[in-house]
Amino acid sequence: MEQTFIMIKPDGVQRGLVGEIISRFEKKGFSLKGLKLMSVERPFAEKHYEDLSSKPFFEGLVDYIISGPVAAMVWEGKNVVATGRKIIGATKPSESDPGTIRGDFAVEVGRNVIHGSDSVENAKKEIALWFPDGTVNWQSSLHSWIYE
Ligand code: UDP
Ligand code: MG
């Protein structure tokens, strides 16, 4: 089954949005397979965002991610990568639809509350980086009520 890496950024943790965000993924029917609150150091944040290292906002982005604890998660389910991106909403909150996490809870791109993997390949890379000791292998007893 497909997995994605979701991270609630420091602003989301500080603003008390952890429960709300977990709830949205849970209610959708996805399964939580990994969860930890952690503070990351600069080199780790730079590694996570290495594809963006040439962007003008890179340094500010790294400053943002290391500014407080983040909640790192692995969610599993059918099409969870693409659907997770829809639940999160567009990168710029001014373009995120109401009903999405960024549409409902964010104003600025540099304080957009949450990260989600953008492809299955990147999800695998990010899960390996953030959860080097692996995740928890379990299946919800609701499985047959969510999948036909
Ligand atoms: N970002 C920013 N300014 C920009 C574009 C992106 O500060 O002009 C930040 C924003 O927090 C975004 C992150 O960099 O979530 C990663 O950018 P990406 O294009 O990968 O967007 P995402 O995948 O998070 O929607
Ligand atoms: Mg991205």
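Predicted model: local features only at pLDDT ≥ 70, side-chain atom pairs only at ≥ 80, totals over all residues.

Me: What volume does the second largest pocket have, and which residues lie nearest its centre?

Reply: Its volume is about 230 Å³. Of the 17 residues that line this pocket, Gly29, Phe30, Ser31, Ser140 and His143 lie nearest the centre. Two elements, strand 2 (31-38) and helix 8 (143-146), each give two or more residues to the lining. Strand 2 gives the most, with 3 residues.

Me: What volume does the largest pocket have, and what takes up its space?

Reply: The largest pocket has a volume of about 710 Å³, and its space is taken by ligand 1.

Me: Which residues lie nearest the centre of the largest pocket, and which elements each supply at least two residues of its lining?

Reply: Nearest the centre are His48, Tyr49, Leu52, Leu61 and His115, out of 27 lining residues. Helix 3 (42-48), helix 4 (58-65), strand 4 (114-116) and helix 7 (120-130) each supply at least two residues of this lining. Helix 7 gives the most, namely 4 residues. Sorted by class, the lining has 8 nonpolar, 9 polar and 10 charged residues.

Me: Which residues surround ligand 1 itself?

Reply: The shell around a ligand is read with a cut-off: a residue is near if one of its heavy atoms lies within 4 Å. Around ligand 1 are Lys9, Tyr49, Leu52, Phe57, Leu61, Arg85, Thr91, Arg102, Val109, Gly110 and Asn112. By class, this shell divides into 5 nonpolar, 3 polar and 3 charged residues.

Me: Where does a side chain make a polar contact with an oxygen atom of ligand 1?

Reply: A polar contact is a pair of N or O atoms within 3.5 Å. In the side chain of threonine 91, an N or O atom is 2.5 Å from an oxygen atom of ligand 1. For arginine 85, the corresponding distance from a side-chain N or O atom to a ligand oxygen is 2.7 Å. Arginine 102 has a polar side-chain atom 3.0 Å from an oxygen atom of ligand 1.

Me: How much of the area that ligand 1 exposes when taken alone does the protein bury?

Reply: Taken alone, ligand 1 exposes 500 Å², and the protein buries 78% of that area.

Key. Residues numbered from 1 in each chain as written. Chains lettered and ligands numbered in written order. Heavy atoms only, no water. Polar contact = N/O pair within 3.5 Å; in protein donor to acceptor, adjacent residues only side chain to side chain. Areas by Shrake-Rupley, 256 points an atom, 1.4 Å probe, with all protein chains shown as cover. 1 Å grid on protein atoms, 1.4 Å probe; cavity = no way out; pocket = protein on both sides within 12 Å on 5 of 7 lines; lining within 4 Å. Sits in = over half its atoms within 2 Å of the grid points. Nonpolar A, V, L, I, M, F, W, Y, C, P; charged D, E, K, R; others polar. Points joined across faces, edges and corners; volume = space filled by probe spheres on them.
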